[in-house]
Amino acid sequence: MKEIEPKDLYNLYSDMLNRCKIELLSADDEAIEYEMFEEFDIEAVSFLHKEALLILSP
């Protein structure tokens with residue numbers, strides 16, 4: 001994993017979670033597909049990786 005500051009990692013992790021809020025359910029199919037299969041899928045793999053979560057844990 002590329003070295004990243006914990007503050008930057010937290011910001012990226014937070015952004016990823018914010019993309020999946022309840023308002024997304026009222027978006028059109030194309031917007032939902034984009035967020036889930038282009039943005040969330042890529043970010044979830046990197047920001048929910050065990051090493052990344054260990055950096056964020058107290």
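Among contacts (heavy atoms within 4.5 Å) in the protein chain with a separation of 6 or more, 63% link residues 24 or more positions apart. Keep in mind that this is a predicted model: local features need pLDDT of at least 70, side-chain atom pairs count only at pLDDT 80 or more, and totals for chains, interfaces and linings use all residues. Residues are numbered from 1 along each chain as its sequence is written, and side-chain values use heavy atoms, with hydrogens and water left out.

Walk along from the N terminus and the elements go α-α-α: 3 helices and 0 strands, with helices being DSSP runs of H or I, at least four residues, and strands runs of E, at least two. Of the 58 residues, 16% are buried, meaning under 20% relative accessible area with a 1.4 Å probe, protein chains only.

Now look at helix H2, residues 29-47, where Glu30 sits. Glu30 is exposed (over 50%), at a relative accessible area of 64%. Together with Asp28, Asp29 and Glu33, Glu30 forms a negative surface patch; patch members have over 30% relative accessible area and no salt bridge, with like charges joined within 9 Å. A salt bridge here would need a side-chain nitrogen of Lys or Arg within 4 Å of a carboxyl oxygen of Asp or Glu.

How values were computed
Patches are made of residues with over 30% relative accessible area and no salt bridge: like charges are joined within 9 Å, nonpolar side chains (Val, Leu, Ile, Met, Phe, Trp, Tyr) within 5 Å. Accessible areas come from the Shrake-Rupley method with a 1.4 Å probe; for residues, only the protein chains shown count as cover. Lys and Arg count as positive and Asp and Glu as negative; His and the chain ends are not counted. The place of a charge is taken as NZ of Lys, CZ of Arg, CG of Asp or CD of Glu.
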